[in-house]
Amino acid sequence: MALDFDPAPPNLQSREFLAVVLAGHGNQLSPLTNDNGDEPCPKALLPIANLPLIDYPLAWLELSGITDVLLVCPARHRAALSHHITSSTSYPSLAVDIHAYDDADADLGTAGVLRSLAPRIRRDFVLLPCDLIPPADLPLVRVLDTFRLGDALLASCWISRRADLAGAAPDEWGARAQKTPIVWDKLSASLLHVDAPDVGEPTEEFELRMGLVTKYPRTTLSSEYTDTHVYVCKRAVLELLLLKPSFESFRDEFVPWLCKLQYQRTKQAKYAHVLHTPADPDPALALRHATLGPLTAAGTGLSTDDTPSPSTRGTLLSAPPSPTRPTARATLPPMRVALLAHATGAFATRFLSSASWTLPTEPKDRALIDPRAQIAPDALVGASTRIAERTVVKRSVVGRHCILGRGARVLGCVLGDHVVIEEGAKLDGCILGAGTKVGAKAELVRCVTQAGYEVDAGETVRHEKLEISDWAAAGDSDDDDDDDADDDDDEDEESEEN
């Protein structure tokens, strides 16, 4: 009997990249990310359509074939994130290693965090935030191939601002991001200039070096794209970052500086010992080992069109691959740019596709929803949530284990898990942290609450961020008044006895 000893083809792609996922404090999402007593509320675990935020980028990584993930988070968030990842079945093939940093290092910035991680990152890596929600029609492998085909030092991914929803972001999150002018070469899809944010007064002018215009005479300037903060990097990027200890921001300081190296020969010569190491692999070999399909436009999902189409979703710009990589080069490998017509990122909780909105499917969960409740098709209701009669839920996401009392109205809201809305309460455009309690006949309009906050019955609040510290302080002041009144009564009794 003949035995077949041919080994199964190895998954050579999985070890090519290390994914570095940054899960910060989420201070910009306060009070949702404020601690609920001794229990932290990590930004990475905030619910997006009743799924933790971190699940979206991790699932995206798994679909690309990457298996090794380094998750960077504050030390006080480590236990909660570790529990979620070990108990999750959403990404079984990922090996997630959690690196926790002390709160004292919170001001390092992304560049400082990467410098501290340099000993642990020994190969090419993908850097991405925990609050990215990639579109379903853009697999990460397409961004990786944009990096591979041009033998690039760094590839970045940008989204079209035309895809933004006007007025979608709540006012509580502050002003919308400022426009970022970028310059790129259409033919090679090389990112040439990223305008750093102004330190002083904003201006409509910015400077371009003559060296850029001379080397790339036909460039494109646009401010219609926003950085997704997804970067595919050579290991040499970390070596360069270690040589620039003054940089705090990877996006605002290091990437613009890296772009300038492409046309500044003096600086290229200065950093040649880092950029042109003989150990760099041949790009053709990397492509044979890394690409999932045939090395064709159809197989890689890349477009050879040299213009980004705002009406076409997931458009990538790329240059044809070089047959060989020179052993000595006079110029820096290009900064690749993937220009995407549509993408969803940041905290876009209320604005995901309504096609995913559903009621619970389990009979025991459906039994908790009164048949006389009015739940619109654009609402999403989590498991084990009880909804009483005459309750109205429209354009909203309701978490798990919530209770919505009789006659409550929830319009355009996001409710975390274990939220209680008592009888007759009205909510319009609110985001409530987990465990929030809204008293009977209370009314909230465009409010954001910290986890565990309690709104008194009959209270009306508009356009406020409600934090437990304020609520507790108000309660303490009432107690103090009562104590003062008791002291006065004691003094009156003593005077009468005398």
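In the predicted model, Asp-124 is buried, its relative accessible area being 15%. The side chain of Asp-124 meets that of Lys-234 in a salt bridge, with an N to O distance of 3.8 Å. Because Lys-234 lies in the loop between β12 (225-233) and α6, whereas Asp-124 belongs to the loop between α3 and β6, this pair ties together parts that are 110 residues apart in sequence. Lys-234 is likewise buried, with a relative accessible area of 14%.

A salt bridge is also formed by the side chains of Asp-68 and Arg-123, at 2.6 Å from N to O. Distant parts of the chain are linked by this pair: Asp-68 is located in strand β4 (residues 68-74) and Arg-123 in the loop between α3 (109-117) and β6 (125-129), 55 residues apart. The two partners fall into separate accessibility classes. Asp-68 has a relative accessibility of 12% and therefore counts as buried, whereas Arg-123, with a relative accessible area of 23%, is partly exposed; the limit for the buried class is under 20%.

Arg-251 and Asp-227 provide a further example, their side chains meeting in a salt bridge of 3.2 Å, N to O. Since Arg-251 is part of helix α7 and Asp-227 part of strand β12, the contact ties together parts that are 24 residues apart in sequence. Both Arg-251 and Asp-227 are buried. Elsewhere, Asp-370, Arg-372, Glu-389, Arg-406 and Glu-423 are joined in a network of salt bridges. The count of salt bridges in the model comes to 17.

Aromatic contacts were examined next. A pair of aromatic rings is described by the distance of the centres and the angle of the planes. The count of aromatic pairs comes to eight. In one of them, the ring centres of Phe-247 and Trp-257 are 6.0 Å apart and the planes stand at 70°; the pair is therefore edge-to-face, as angles over 60 degrees are assigned to that class. Phe-247 is found in the loop between α6 (236-242) and α7 (250-260), and Trp-257 in helix α7, so the pair ties together parts that are ten residues apart in sequence. The rings of Phe-254 and Trp-257 have centres 5.8 Å apart and planes at 35°, so this pair is tilted. Phe-254 and Trp-257 are both in helix α7, where a separation of three residues corresponds to about one turn of the helix.

Phe-254 is buried, with a relative accessible area of 0%. Trp-257 counts as buried at 9% relative accessibility, and Phe-247 counts as buried at 12%. One aromatic cluster is formed by Tyr-231, Phe-247, Phe-250, Phe-254, Trp-257 and Tyr-271.

Leu-208 is situated in the loop between β10 (190-194) and α5 (210-215). The relative accessible area of Leu-208 is 36%, and this residue is thus partly exposed.

Six strands make up an open sheet with parallel pairing, in the order β16-β19-β22-β25-β28-β31. At its edges are β16 (380-381) and β31 (465-466), each of which pairs on one side only. Within the sheet, strand β25 (residues 431-432) pairs in the parallel sense with strand β28 (residues 448-449) over two bridges. Ile-431 has Val-448 of β28 as its bridge partner.

How values were computed
Residues numbered from 1 in each chain as written. Predicted model: local features only at pLDDT ≥ 70, side-chain atom pairs only at ≥ 80, totals over all residues. Heavy atoms only, no water. Phe/Tyr/Trp six-rings, centres within 6.5 Å; stacked < 30°, edge-to-face > 60°. Helix = DSSP H or I, 4+ residues; strand = E, 2+ residues; numbered from the N terminus. Buried < 20%, exposed > 50% of the residue type's maximum accessible area, 1.4 Å probe, protein only. Pairing = 2+ DSSP bridges. Salt bridge = Lys/Arg side-chain N within 4 Å of Asp/Glu carboxyl O.
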